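Please keep the sequence and the structure in view while reading.

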Amino acid sequence: MARCEQTLFNAPGEALALTDAARLFLSSEKEIRALQAPSFDEHLQAALNCYSFAIKVYIEMNQPVMAASLCLELGNALKEMNRPGEAIVHFQRAAELQTQMPIEALLSMGEIATCKILTRDYDGALSVFTEMQLMCQERGLQLPGTTSPIGAFLDIVAKCEISRVLLLMLLEPPPQKLLPEHAQTLERYAWESFDPHSQVTFLPENVFLLLQSIVMACQEKDTESLKSLQTELWPFLTAEQNHLLHLVVLERIAPSGQGI
């Protein structure tokens with residue numbers, strides 16, 4: 001059907017038929033996996049090809065939003081199939097196609113960070129969260145006369161800040177390998193430089209103080225305090241952040257030596 005639409009120069013019809021074909025191939029792949037039947041991923045490869053052609057057609061039609069939605073659909077399907085490493089490429093492409101829509105681009109970047117955490121690329125996840133925070137401050141809506149983001153951008157900045165602090169505690173980069181933007185983040189939580197008036201404005205006070213205590217407990221290698229703080233901080237974090245905090249605690253109890 002898609003080939004017929006192509007010969008008729010009907011690009012929207014071609015993209016729609018290719019998308020339908022991709023979803024049917026994907027559905028077959030999921031069915032085979034559910035049955036645990038032997039497979040060479042041929043249906044998945046066919047689905048990837050159909051999605052790629054449909055995305056290409058939408059880009060040629062100058063419809064990046066539709067192309068990005070298919071990239072996200074494919075990325076989410078791969079993530080559900082326990083292939084987060086392969087999903088990263090498609091989320092990355094979605095973010096690139098959403099340059100005119102900062103919020104959507106940030107959500108796609110959040111998916112990239114999640115996939116990197118699932119593949120244990122914690123350094124890569126830290127870079128993505130740092131990039132997201134910078135993007136919020138550069139392109140987000142701000143209060144007049146200030147550099148403070150508002151609305152959804154503020155929520156994303158807060159989420160990135162917490163995740164970045166936990167990842168830095170997990171990776172423990174030595175001072176000579178600590179990037180300036182990461183050093184600046186850690187300085188905000190150092191007790192020596194603590195000033196009540198310069199508190200991080202985008203985090204609730206109790207979350208900020210608990211995070212500061214986490215940083216101090218990690219620096220002092222105080223495992224018992226860390227366990228206690230984990231219990232207190234647990235309700236304020238997302239499932240992903242709680243997973244990172246759990247890894248931080250495990251690393252302090254039994255160091256793996258797999259830091260930065």
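**Surroundings of Q241**

Q241 touches K159, I162, S163 and L166, leaving aside residues up to four places away in sequence. This is a predicted model.

**Q241**

- Q241 sits in helix α12, which spans residues 239–253.
- Is Q241 buried or exposed? Q241 is buried, because its relative accessible area is 2%, and under 20% counts as buried.

**Salt bridges: overall**

- How many salt bridges does a search of the whole structure find? The count is 12.
- Side chains of opposite charge can pair when their charged atoms come close.

**R188 and E161**

- R188 pairs with E161 in a salt bridge, with the closest N and O atoms 2.8 Å apart.
- This pair links distant parts of the chain, 27 residues apart. R188 lies in the loop between α9 (180–187) and α10 (205–220). E161 lies in helix α8 (residues 152–171).
- R188 is partly exposed, at 30% relative accessibility.
- E161 has 0% relative accessibility, so E161 counts as buried.

**E224 and K227**

- A salt bridge joins the side chains of E224 and K227, at 3.7 Å from N to O.
- Both residues belong to helix α11 (residues 223–233). E224 and K227 are three residues apart, about one turn of the helix.
- E224 counts as exposed, because its relative accessibility is 56% and the cut-off for exposed is over 50%.
- K227 is partly exposed, with a relative accessible area of 35%.

- R33 forms a salt bridge with D41. The closest N and O atoms of R33 and D41 are 3.9 Å apart.
- R33 has a relative accessible area of 33%, so R33 is partly exposed.

Terms used: Residues are numbered from 1 along each chain as its sequence is written. This is a predicted model: local features need pLDDT of at least 70, side-chain atom pairs count only at pLDDT 80 or more; totals for chains, interfaces and linings use all residues. Side-chain values use heavy atoms; hydrogens and water are left out. Helices (H or I, at least four residues) and strands (E, at least two) are DSSP runs, numbered from the N terminus. Buried means under 20% relative accessible area, exposed over 50%, partly exposed in between (1.4 Å probe, protein chains only). Contact means heavy atoms within 4.5 Å. A salt bridge is a side-chain nitrogen of Lys or Arg within 4 Å of a carboxyl oxygen of Asp or Glu.
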